[in-house]
Amino acid sequence: MSNTIVRVWLHITAGRGPAECQLAALIEAEANAQGLTCAAIDAVEGDAKGALLSVLLSIEGAGARAFGSASVGSVL
C-alpha cells in the first residue's frame, strides 16, 4: 500500500470578468465536503474590492485527481 500524497493544482482565471474566480470558494467548499483538503495558495486581486483575476487552489486527498478533472474547462 502506497502512502503517496495525491495533490492537484486547479488554476481559475477570470476570462471575461472576475465572477469566474468567485467559483473558487464554491470549489473549496465542495472539495472539503468530499473529505479533501483545499486551500488557495496564490491569488491575483482585481481592481474591484474582493474581485480576483486569478486564483490557484491546492487540492489534496485520495480523490483529488478525479475532483480536479471534473473541474477542467470553461465556465460562462
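Analyst: A nonpolar core here is a set of buried Ala, Val, Leu, Ile, Met, Phe, Trp, Tyr and Cys residues joined through side-chain atoms within 4.5 Å. Buried means under 20% relative accessible area, exposed over 50%, and partly exposed in between, with a 1.4 Å probe and protein chains only. Mind that this is a predicted model: local features need pLDDT of at least 70, side-chain atom pairs count only at pLDDT 80 or more, and totals for chains, interfaces and linings use all residues. Residues are numbered from 1 along each chain as its sequence is written, and side-chain values use heavy atoms, with hydrogens and water left out.

The largest nonpolar core holds 14 residues, and Ile12, Ile27, Ala31, Leu57, Ile59 and Phe67 have the most contacts inside it. At least two residues of this core come from each of strand S1 (7–13), helix H1 (23–33), strand S3 (52–60) and helix H2 (64–69). Helices (H or I, at least four residues) and strands (E, at least two) are DSSP runs, numbered from the N terminus, and their order in this protein is β-α-β-β-α.

Take Ile12: beyond its neighbours within four places in sequence, Ile12 is in contact (heavy atoms within 4.5 Å) with Glu20, Cys21, Ala24, Ile27, Leu53, Ser54, Val55 and Leu57.

Now for Ala66, which sits in helix H2. Ala66 counts as exposed because its relative accessibility is 57%. Its C-alpha atom is 9.6 Å from that of Val8, 58 residues away along the chain. Overall, 30% of the protein's 76 residues count as buried.
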